[in-house]
Structures are given as structure tokens and as C-alpha cells.
Amino acid sequence: MNTVEYLDSFEKYLLDVKHASTNTLSSYKRDVKRYLSFLENRGISPCHAGKDTISLFYNSLKAEGKSSASVSRAVASIRSFYNYLVYSGKCNSNPADAVTTEKCTRKIPDVLSGEEVDLLLSQPDTTDSKGIRDKAMLEVLYATGIRVSELIALNETDVNL
């Protein structure tokens, strides 16, 4: 299999079996494409790569100055790729399972004050339909805590009055 065939079949697996979101699909494909290129440059097929090869890739990402979150996501992408290869019978085991990444420190989000929330919600111009829509979107985001991508994907039938 070549890189394009691996990526196409992995994408199909992510969509059909894992039901991955568009963002996950895009990120995982980008990470795996980079990893496959890394392997190709070294003359290694994915099923012959081991923990040491993945660790070498991990270290190369860190050396490029990638954040620990980006590096951890790349390893998660590779782990998922190998899960696919094992699932499809192309490889016997997942060498990425043995790779550990450093923990990402998560920054606690800033909390808006009541005045800042009022200011934010008062920004849309509610004299036209777009402004009314924008204000409703901001209120839904604030009141529910859903992600913007989830809000955009909502349909009228998703609303339960």
C-alpha cells in the first residue's frame, strides 16, 4: 500500500467505524500523513515500525517546536491509525500503545464577569434578522456551553421546545 491508499482507507475507517467528526478527521489525516512521510523517508513500512520509530517521530515533532498538545494529538492519531491497521488485519499489533507522551497542562479558562457577559450579549444589532440571529446564537452558546461547531450543526428539528 502507498501513502494515499493508507490515508484513504484510514479515512473510511474513521468515518464508517469511528464516526469521527470533521475536525477529528482533518487533524488525524494530517498527522498520519506526516507520520507516513516520516516513515517513507526512512524506508520503513507502517507495519514494520516499532515503538522506537514512533518515539523518534515524537521527538522530531518536539524538536520542531510543536506544543505538547500538538505532539500528544499526533501520537493519538498514530495510535488510532494502528488500531485501524490491526482492525483491518494489515498489522498484528499497535506499537503506538507502548509510547507515552508528556501530560499537557490545561489552562483554566477565564471567566467573564456579569458586566462582560452583558456587553457581549448587547453587541449584535437586533434591528435586523442577522443581528437577532447572532444574539440568539450568543445566548445559546452562553446558556448551554455547547461548542461553536455543535451550534452551527444544529437543525430546527434538534430544538425541543
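The model is predicted. Its largest nonpolar core has 29 residues. Helix α4 gives the most to that core, with 8 residues. A search of the whole structure finds 1 disulfide, and the structure holds 11 aromatic pairs.

**The nonpolar core**

- In soluble globular proteins, nonpolar side chains tend to be buried together.
- Here, the largest nonpolar core counts 29 residues, and the members that touch the most others are Phe10, Tyr35, Phe81 and Tyr82.
- Tyr35 reaches several partners beyond four places away in sequence: Ala49, Ile54, Phe57, Ile78 and Tyr82.

**Helix α4**

- Helix α4 is 20 residues long, and its first and last C-alpha atoms are 28 Å apart.
- That span is close to the 28 Å expected at 1.5 Å a residue.
- An α-helix has 3.6 residues a turn, so residues three or four places apart point the same way.
- The buried residues of α4 include Val71, Ala74, Val75, Ile78, Phe81, Tyr82 and Leu85.
- Serines are buried in α4 too: Ser72, Ser77 and Ser80.
- The buried residues of α4 pack against α1, α2 and α3.
- Just after α4 comes Gly89, with a positive phi of about 80°.

**Aromatic rings**

- A cluster is built from ring pairs that link Tyr6, Phe10, Tyr13, Tyr35, Phe38, Phe57, Phe81, Tyr82, Tyr84 and Tyr87.
- The structure holds 11 aromatic pairs.
- In one of them, the ring centres of Tyr13 and Tyr84 lie 5.2 Å apart with their planes at 45°, so this pair is tilted.
- Tyr13 belongs to helix α1 and Tyr84 to helix α4, so the pair ties together parts that are 71 residues apart in sequence.
- Both Tyr13 and Tyr84 are buried.
- Another pair, Tyr35 and Tyr82, is edge-to-face, at 6.1 Å centre to centre and 70° between the planes.
- This second pair links distant parts of the chain, with Tyr35 in helix α2 and Tyr82 in helix α4, 47 residues apart.
- Tyr35 and Tyr82 are both buried.

**The disulfide**

- A disulfide is a covalent bond between the sulfur atoms of two cysteines.
- In this structure, a disulfide joins Cys47 to Cys91, with 1.7 Å from S to S.
- The link of Cys47 and Cys91 is left-handed, with -95° about the S-S bond.
- Cys47 lies in the loop between α2 and α3, and Cys91 in the loop between α4 and α5 (114-121), so the bond ties together parts that are 44 residues apart in sequence.
- Cys47 counts as partly exposed because its relative accessibility is 32%.
- Cys91 counts as buried because its relative accessibility is 7%.

- Thr3 is found in helix α1.
- Thr3 has a relative accessible area of 19% and is buried, because the limit for buried is under 20%.
- Beyond its neighbours within four places in sequence, Thr3 is in contact with Leu36 and Glu40.

**Loop residues**

- His19 is found in the loop between α1 and α2.
- Phi of His19 is near 50°, a positive value in a residue other than glycine.
- His19 is exposed, because its relative accessible area is 61% and the limit for exposed is over 50%.
- Gly65 is found in the loop between α3 and α4.
- Gly65 is also exposed, with a relative accessible area of 62%.
- Gly65 and Lys90 are 25 residues apart in sequence, and their C-alpha atoms are 33 Å apart in space.

Definitions and conventions: Residues are numbered from 1 along each chain as its sequence is written. Side-chain values use heavy atoms; hydrogens and water are left out. A nonpolar core is a set of buried Ala, Val, Leu, Ile, Met, Phe, Trp, Tyr and Cys residues joined through side-chain atoms within 4.5 Å. Buried means under 20% relative accessible area, exposed over 50%, partly exposed in between (1.4 Å probe, protein chains only). Helices (H or I, at least four residues) and strands (E, at least two) are DSSP runs, numbered from the N terminus. Contact means heavy atoms within 4.5 Å. The expected span of a helix is 1.5 Å times one less than its number of residues. A disulfide is a pair of cysteine sulfur atoms within 2.5 Å. Rings of Phe, Tyr and Trp (its six-membered ring) pair if their centres lie within 6.5 Å; planes under 30 degrees apart count as stacked, over 60 as edge-to-face and the rest as tilted.
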